[in-house]
Amino acid sequence: MNFMAVAPVLTPEEERTLIRDISAAAEAQTKEGDNFYLITSRWWQSWLDFVNQDTNTTLSNGYGLHNHGSPCSSIPKRPLAIDNSDLINDATSEIPNVDIELHETLVEGRDYILLPQEVWNRFRGWYGGGPTLPRKTINSGSSQTDLYVEVYPLRLQLLLTPKKEQAIIRISKKETVRELHRKACEVFDLILDNVCIWDYYGHQKHDLMNDMEKTLDDANIQMDQDGELAMAFGDLLRKLWVPGRTSVSPRPFKTKLARFAPQFSGYNQHDSQELLAFLLDGLHEDLNRVKHRPYIKSKDADGRPDEVVADEYWANHIARNDSIIVDVCQGQYKSTLVCPVCLKVSVTFDPFMYLSLPLQSPSSNSMTIVVFTSDGSAPPTPCTVNVPKQGRCKDLIQVLSNACSMKGGEKLILAEIRDHKIHQFVEDPMIPLSNIKDEQLVAYKVPKFEKKSILLQFVHRREELEGNGSIKAWKPYGTPLMAPFLGDGSVRCADIRRTLQNMLIPMLQSQKSQPGCLSNSFSRVASYTTDHYISTDEECAESDHKDGGSNHDRSETDCHLFLELVDENDELIDLSTVEEKPLKLRSYSSSSSSTVVFINWSQKDLQIYDTRRLEILPEVYKYGPPLPKRSRGEPLSLYACLDAFLREEPLVPEDMWFCPKCKEQRQASKKLDLWRLPEVLVIHLKRFSFSRSTKQKLETFVNFPIHDFDLTDYLANKGNSQRQTYELYALSNHYGSMASGHYTAHIKLFEENRWYNFDDSHVSSINEEEVKSAAAYVLFYRRVRTDNPSTSNGAQSCANQSHSFCHR
């Protein structure tokens, strides 16, 4: 008898739960190069209807039935096989040497959904169908937050000479020239070593593509290289500036823009700032005077004057990017990164097209927690994270764990510190963060352990004068270290010393300038095997035992730390006098249940170790200079938004910096400064806030200057002696919510010295006082030339410049 294994049929609720969990895991682990798959929104919606049906309804064989068994036509049925045919351009299916092509105007969310690979595999296994439409994630910047799915890779036409054979291929702009050679040889059945590829630009032979490791993006390989977007934009401007006052529908221009950025096709609501960013970028690409972008590696500042380094960065930028968009709209800011561990300083000067200013959202708090390790892998390191304003302890633990790159066998323990000791552990994950005393809150990264384990906290003490100044006494200072010990409630002195040695290794002073037996022995301990660890610790214990246990009587050449343990009866045990028999200690069972070990630091030991990191704890709810407080009802100043944008703050955990000195990912502090300002300054007010749990629009009223927007004091380049003042000439307004809304614009015609409101096809004159509102979203400023005293308000010359620019 033959048996055939049949996969179990899942209920709609089981399918929904499984796909939800897989999607969440994939979102958190997505990296460059991962595959995502397009699936038609029509099929996706039918599946959502199926799995979200009433859970009280019983299911049989995938079809909805009432409890009495009769069919119910109103209950969604199990979807049929996946059919992605509506995403495919049938006109290209019969062209030889052409892969499956998508329609050029597809919009994510409206036409298709992107699925992680494991989700797609599940759907194919359950429902079958296709065709399979994979797309890879690529990186548009330098961090994990810049990942996106390249739905429309480069579409390149290959022409084989002298045979005149043609082929069209799709290839990612992040692929190398070598991969393009390989694909071309595969299509035409050629030998790689016998092939040269030339880039044709404007139907002319432009450049030999022989740098095999360069990406196609860096090689400036583009689709539609005959400047289409710029032509369409020019046509739109001509229609707007012709004599007569009639409304103009920008549909032809929008169609061209959608070819450059397909997400703007269709009739869904789009973000005006995102559209502006893509438009400026597209115009720059079309109008770039540089057709062959040289590869230029930026040099490190290396202590050189900022003026020299900034000019070098700008020259390198212009060598690759030279267009009217750069001339008019691009500025430069100074970016300073400081490693929190080794204090390495990195200075770069980067271009910007607009400034995105925060509106000080009240939905989250910034918390800075110092993280201590129990294995000596890192010194005490401050870590700043954002937590929900009404968040709980579990939220803080979650974001801290992500920021610290926690491994599977590790955990974080939060502890409140009082009088330089651990007052209590913060164990309840549901405790509101507002209930936690924030003066001295730290986190310990330790191996996962069970309740019966022993917790030791190492409290630091040093000799201080008291009374009339003639008596010395041991006084606690700094922040204690903490480590768990697994076992049956007993621990050896050698184990305690070994753990302490490991924790103190990151705080060793330079061994070249600090000779001594402890420094030398620790360098050996760091590289020995486990057996050598034990023998070295026993030698330490033996040396302390011979010393008699008295710290004051120790020889000046003895540089081993003097340790005292507090037993269950609150009596001190000199660890140097304890035999190697196990110490019976209480196990970790509840808050504040730990055993104290005092480290009595001698002056000689303090010369060997740098314990300053143990003494300084930043305020938990404060990092960098505080923002000015506003009284209730007082509008938020645009200058205050600029202050918030430029203030020093740590990088988000998802965007940590690779320190070239530490050779590790670090949550560096970042400081931005304005260095070079453009003729036209675009300011984006960040009204829309996104997170995994919330989406909201901020209705904050921002009091922005219309005249005399003075940025002189904000310019870090003090070599520029001219006043940096701007005047508002236009702004975009957004009315409504996140889900739906409406855009209008206020624009000033300088020839008439009058403001107008543009609302779809309706245009009306408004007073200058009506320009400001809580709907302001994107602000457009133009530089005011103050060196010409004959101009009215210093604005006329800039007005003429802008007018000529609009006609270009």
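Reader: How do you know that the span of helix 4 (residues 177-188) agrees with its twelve residues?
Author: The expected span is 1.5 Å times one less than the number of residues, so helix 4 should span 16 Å, and its end C-alpha atoms are 17 Å apart, which agrees. Helices here are DSSP runs of H or I with at least four residues, strands are runs of E with at least two, and both are numbered from the N terminus. Before we go on: this is a predicted model, where local features need pLDDT of at least 70, side-chain atom pairs count only at pLDDT 80 or more, and totals for chains, interfaces and linings use all residues. Residues are numbered from 1 along each chain as its sequence is written, and side-chain values use heavy atoms, leaving out hydrogens and water.

Reader: Which residues of helix 4 are called buried, and what do they pack against?
Author: Val177, Glu179, Leu180, His181, Ala184, Cys185 and Phe188 are buried (under 20% relative accessible area, with a 1.4 Å probe and protein chains only; over 50% is exposed, and in between is partly exposed). They pack against strand 9 (154-160) and strand 10 (165-171), where contact means heavy atoms within 4.5 Å.

Reader: Why are helix 5 and helix 7 called roughly perpendicular?
Author: Helix 5 (residues 228-241) and helix 7 (residues 272-287) pack at about 115°, their axes 7 Å apart. Angles of 65 to 115 degrees count as roughly perpendicular, under 35 as roughly parallel, over 145 as roughly antiparallel and the rest as oblique, so this pair is roughly perpendicular. On the helix 5 side the contact is made by Glu228, Leu229, Ala230 and Phe233, and on the helix 7 side by Leu279, Gly282, Leu283, Asp286 and Leu287.

Reader: What makes helix 1 and helix 2 oblique?
Author: Helix 1 (residues 12-29) and helix 2 (residues 41-51) pack at about 120°, with axes 8 Å apart, and they are therefore oblique to each other. Pro12, Glu15, Arg16 and Ile19 of helix 1 meet Trp47, Phe50 and Val51 of helix 2.

Reader: How do you know that strand 40 and strand 41 pair?
Author: Pairing needs at least two bridges found by DSSP; strand 40 (residues 741-749) and strand 41 (residues 754-759) have five, in the antiparallel sense, so they pair. In their hairpin, with four residues between the strands, Asn753 has a positive phi near 55°.

Definitions and conventions
Axes fitted to C-alpha atoms, helices over the stretch in contact; angles between N-to-C directions.
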